[in-house]
Amino acid sequence: MTSEKQRNWNPQTALVHGGTLRSEFGETSEAIYLTQGYVYETAESAEARFKGETQGFIYSRYANPTVDMFEKRMCELEGAEDARALASGMAAVTAAILCSLKAGDHIVAARALFGSCRWVVETLAPRYGIEATLVDGTVFENWEKAVKPNTKLFFLESPTNPTLEVVDIAAVAALANSIGARLVVDNVFATPMQQKPLELGAHVVVYSATKHIDGQGRCLGGVILSDKKWIDENLHDYFRHTGPSLSPFNAWTLLKGLETLPLRVRQQTETAGKIADFLAGRPEVSRLIYPGRPDHPQADIIKKQMKGGSTLLCFDLKGGKKAAFAFENALDIILISNNLGDAKSLITHPATTTHKSLSDEARAELGIDDGTLRLSVGLEDADDLLNDIESALKAVR
């Protein structure tokens, strides 16, 4: 099969066949190469490999055949030239932000970020002399006002965690281009099935592959995708020398997850939309946010840059923490967890878990109060989930 044919594949086909390497045994399922190192036929071939004169693997901290298959398959899905797979989503976020920056540089980031992402931008980067400014990313003028002569990187997630705000990726990318900066987008909540940041002008895309890409609660993983030049000049040495590489076994698990990603995301999104419509009319709910509904605050942007809704929704219960905890504890099918993107439906109370490290003021800025809940919709029957939610709402009343 030619590479040209592969580039023309639809996502469902690319996610089953893309990037596959077969050994001389002709295995159907991708092989797991659980090896640390590689041998060379001669001393001269080893020298040539290290010089980059011949292709091949050197050490699994740098590259591995199973990990390479996962990276290539993600490139085909995302439309990227190159990728590096990492041990976790946060390893990917940290590497994508820090690998191209130095002391004296400046980051502009949307303030609505996952707690650990915000810590990297707001706390870790300044320790190394990198300035950071956080803005309300939903207002484009805020990005423009925050730009400084030393601004080198923009960072955002869209939709955001947990309140599902949406940022105009194309507009921020154009601003980044105008000043010679790079835009890094965390695309976890949208998934590559619903949004393609590189097509919208973003320069770098990151995923916690732990979420929808695995999607079955089995392993950790992360991936960074961009053009080959940026990866060669910025990420390559950072990755090679700091060692955040993905294990071959996890790469194999993620390859298996990619095969069913379109099916899972489609069903999860459809069910999430039904749940959102149900909750929107409930008297116990004071606010409902879902990217697939016309009442979403950034509905016009969603139509422009997303192919569908989301597998997640956010809602506030009247009665604050007491009501939220009563609701969670009364659920039967939906599980209490801080994870998302799983085959099992998961409910999270951000104020006491994922965003606990933020101050009360910071949470209030993000629209997170004590009654806020984030629901990650799984693959269960939609009617069963609706019945579970309706039953739990009785505990709130």
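Rings of Phe, Tyr and Trp (its six-membered ring) pair if their centres lie within 6.5 Å; planes over 60 degrees apart count as edge-to-face. The legends below describe a predicted model.

**View 1. An aromatic pair between strand E9 and helix H14.** The count by this rule is six aromatic pairs. Shown here are Phe315 and Phe327. Their ring centres are 5.8 Å apart and their planes stand at 85°, so the pair is edge-to-face. Phe315 belongs to strand E9 (residues 312-317) and Phe327 to helix H14 (residues 320-330), so the contact ties together parts that are 12 residues apart in sequence. Both Phe315 and Phe327 are buried.

**View 2. Lys321 and its surroundings.** Lys321 also lies in helix H14. Its relative accessibility is 41%, so Lys321 counts as partly exposed. Leaving aside residues up to four places away in sequence, Lys321 touches His349, Thr352, Asp370 and Gly371. Lys321 and Gly371 are 50 residues apart along the chain, yet 5.1 Å separates their C-alpha atoms.

**View 3. The open seven-stranded sheet.** The strands follow the order E1-E7-E6-E5-E4-E2-E3, and their pairing is mixed. Strand E1 (82-86) and strand E3 (131-135) form the edges, each pairing on one side only. From one strand to the next, the twist averages 20°.

**View 4. Strand E7 and its two partners.** Strand E7 (residues 222-226) runs antiparallel to E1, and five bridges join the two. Ala85 stands opposite Val223 of E7. Leu86 stands opposite Gly222 of E7. E6 pairs with E7 as well, again over five bridges and in the antiparallel sense. Here Ser208 has Gly222 of E7 as its bridge partner.

View 5. How many residues of E7 are buried? The count is five of five, and the strand is mostly covered. On one side lie Gly222, Ile224 and Ser226. Val223 and Leu225 lie on the other. Both faces are covered, and these residues are all buried.

**View 6. Helix H4 across the sheet.** Helix H4 (residues 65-78) lies across E1, strand E6 (204-208) and E7. The helix runs at about 130° to E1.

**View 7. Helix H5, enclosed.** Helix H5 (residues 89-98) lies across E1, strand E2 (106-110), strand E4 (151-157), strand E5 (182-186), E6 and E7. Its direction is about 160° to E6. Why is H5 described as largely enclosed by the rest of the structure? Nine of its 10 residues are buried. The buried residues of H5 are Gly89, Ala91, Ala92, Val93, Thr94, Ala95, Ala96, Ile97 and Leu98.

**View 8. A salt bridge between Asp105 and Lys102.** By the rule used for salt bridges, the count comes to 22. In this one, the side chains of Asp105 and Lys102 meet at 3.4 Å, N to O. Lys102 is exposed, with a relative accessible area of 54%.

**View 9. A salt bridge between two loops.** The side chains of Arg111 and Asp136 meet at 3.8 Å, N to O. Arg111 lies in the loop between E2 and helix H6 (115-127), and Asp136 in the loop between E3 and helix H7 (140-146), so the pair ties together parts that are 25 residues apart in sequence. Arg111 has 22% relative accessibility and counts as partly exposed. Asp136 also counts as partly exposed, at 22%.

View 10. Arg293 and Asp277 meet through their side chains at 2.6 Å, N to O. Arg293 sits in the loop between strand E8 (285-289) and helix H13 (299-305), while Asp277 sits in helix H12 (residues 248-280), 16 residues apart. Arg293 counts as buried, at 17% relative accessibility. That value falls under the 20% limit, so the residue is classed as buried. Asp277 is partly exposed, with a relative accessible area of 47%.

**View 11. A salt-bridge network.** Glu30, Arg73, Lys256 and Glu259 form one network, joined by salt bridges that share partners.

**View 12. A charge over a ring.** Arg240 lies over the face of Tyr62, 3.9 Å from the ring centre.

Definitions and conventions:
Residues are numbered from 1 along each chain as its sequence is written. This is a predicted model: local features need pLDDT of at least 70, side-chain atom pairs count only at pLDDT 80 or more; totals for chains, interfaces and linings use all residues. Side-chain values use heavy atoms; hydrogens and water are left out. Two strands pair if DSSP finds at least two bridges between them. Helices (H or I, at least four residues) and strands (E, at least two) are DSSP runs, numbered from the N terminus. Axes are lines fitted to C-alpha atoms, for helices over the stretch in contact, and angles run from 0 to 180 degrees between N-to-C directions. Contact means heavy atoms within 4.5 Å. A salt bridge is a side-chain nitrogen of Lys or Arg within 4 Å of a carboxyl oxygen of Asp or Glu. Buried means under 20% relative accessible area, exposed over 50%, partly exposed in between (1.4 Å probe, protein chains only). Rings of Phe, Tyr and Trp (its six-membered ring) pair if their centres lie within 6.5 Å; planes under 30 degrees apart count as stacked, over 60 as edge-to-face and the rest as tilted. A charge sits over a ring if NZ of Lys or CZ of Arg is within 6 Å of the ring centre and within 35 degrees of the ring normal.
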